[in-house]
Amino acid sequence: MKRINFLGSPMDVATMEETVIHIEKNLSEGNFLQHVVVNVAKIVNMRKDPSLADSVKACDVINIDGMGVVFGARFLGHDVTERVAGVDLFHELLKMSAEKDFPVFLLGAKSETVKKTTETVQHLYPKLTIAGYNDGYFWDDEETVVRKIRESGAKLLFVAITSPKKENFINKWRDQLGVDFVMGVGGTFDVVAGKVNRAPIWMQKNGLEWLYRVIQEPRRMWKRYLVTNATFAWLLLKEKRKVK
């Protein structure tokens, strides 16, 4: 996979297929991989949150999730063919894990959500071994949860906690988790459990998922996306002038 630097963040230019093959190869060889996806919000927040920036930069695989980043990278001359959406990669890795008999651990979201997610993925992938699961509300006793993950025998860990908590948690405990692969999946469990709907395909392909979120939760989301998207656009224009 080719690694580029975009607006101060390293990221890997890769297709979904290339990403899955790379992860499967390293898992088979027993190599540890710390994974993260980047989108517009994360790019913007990394510039004002050093801990988040350090956690992202420490990752072995940094996939481009948001179409805004794809379009922005192309605008600056990078050859980016496609996005690798976190929720789609999650399903591809579960499918691979079921085929290869790699146990997985699901961490994050509310207790009823992670339980429903566990039931759903077990139904979708009957051969999948789910070594364990835990909700995302454990901040008063992180060590106990880390020990639970380590003792579960899981090979892959998926962390569905909001940014930057999940990135910083993964980076802090990576050497004590006892897994070979760890990936932050944000709100993926809410989608899998049926609590949140994904944007229509045409909106996903055209970088309009943020608009779909605003339509769903206007009071909570409009200001966040207005500020983030405007900042991202300004950063792109400044960087474009440098390139010229």
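## Exercises on salt bridges, helices and loops

K42, K166 and E167 are linked in a network of salt bridges, where a salt bridge is a side-chain nitrogen of Lys or Arg within 4 Å of a carboxyl oxygen of Asp or Glu. The model is a predicted one, in which local features need pLDDT of at least 70 and side-chain atom pairs count only at pLDDT 80 or more, while totals for chains, interfaces and linings use all residues. Residues are numbered from 1 along each chain as its sequence is written, and side-chain values use heavy atoms, with hydrogens and water left out.

**Exercise 1.** Find the distance from N to O in the salt bridge of K166 and E167, and decide whether K166 is buried or exposed.

*Solution.* Begin with the pair itself: the side chains of K166 and E167 meet in a salt bridge, with 3.3 Å from N to O. Next, recall the classes, in which buried means under 20% relative accessible area, exposed means over 50%, and partly exposed lies in between (1.4 Å probe, protein chains only). K166 has 7% relative accessibility and therefore counts as buried, and E167, at 5%, counts as buried too.

**Exercise 2.** Work out which helices hold E142 and K172, and state the angle at which α7 and α8 pack.

*Solution.* First, E142 forms a salt bridge with K172, and the closest N and O atoms of this pair are 3.7 Å apart. E142 lies in helix α7 (residues 142–152) and K172 in helix α8 (residues 165–173), so the pair ties together parts that are 30 residues apart in sequence. Helices here are DSSP runs of H or I with at least four residues, strands are runs of E with at least two, and both are numbered from the N terminus. The two partners can then be compared by their cover, since E142 is buried, with a relative accessible area of 17%, whereas K172, at 53%, counts as exposed.

Now turn to the helices, for which α7 and α8 pack at an angle of about 70 degrees with their axes 12 Å apart. That makes α7 roughly perpendicular to α8, because angles of 65 to 115 degrees count as roughly perpendicular, those under 35 as roughly parallel, those over 145 as roughly antiparallel and the rest as oblique. The axes are lines fitted to C-alpha atoms, for helices over the stretch in contact, and the angles run from 0 to 180 degrees between N-to-C directions.

**Exercise 3.** Find which peptide bond at P164 is cis, and give the value of phi for D101 and for A109.

*Solution.* Start with P164, which is found in the loop between β7 (156–160) and α8; the peptide bond from S163 to P164 is cis, with omega near 5 degrees. Then take D101, in the loop between α5 (86–100) and β5 (104–108), where phi is near 60 degrees, a positive value in a residue other than glycine. A109 lies in the loop between β5 and α6, and its phi is near 65 degrees, again positive in a residue other than glycine. Finally, check the cover: D101 counts as exposed at 52% relative accessibility, while A109 counts as buried at 14%.

**Exercise 4.** Locate Y125 and state how far apart Y125 and A98 are in space.

*Solution.* Y125 lies in the loop between α6 (111–124) and β6 (130–134), and Y125 is buried, with a relative accessible area of 16%. Although Y125 and A98 are 27 residues apart in sequence, they are 6.5 Å apart in space, C-alpha to C-alpha.
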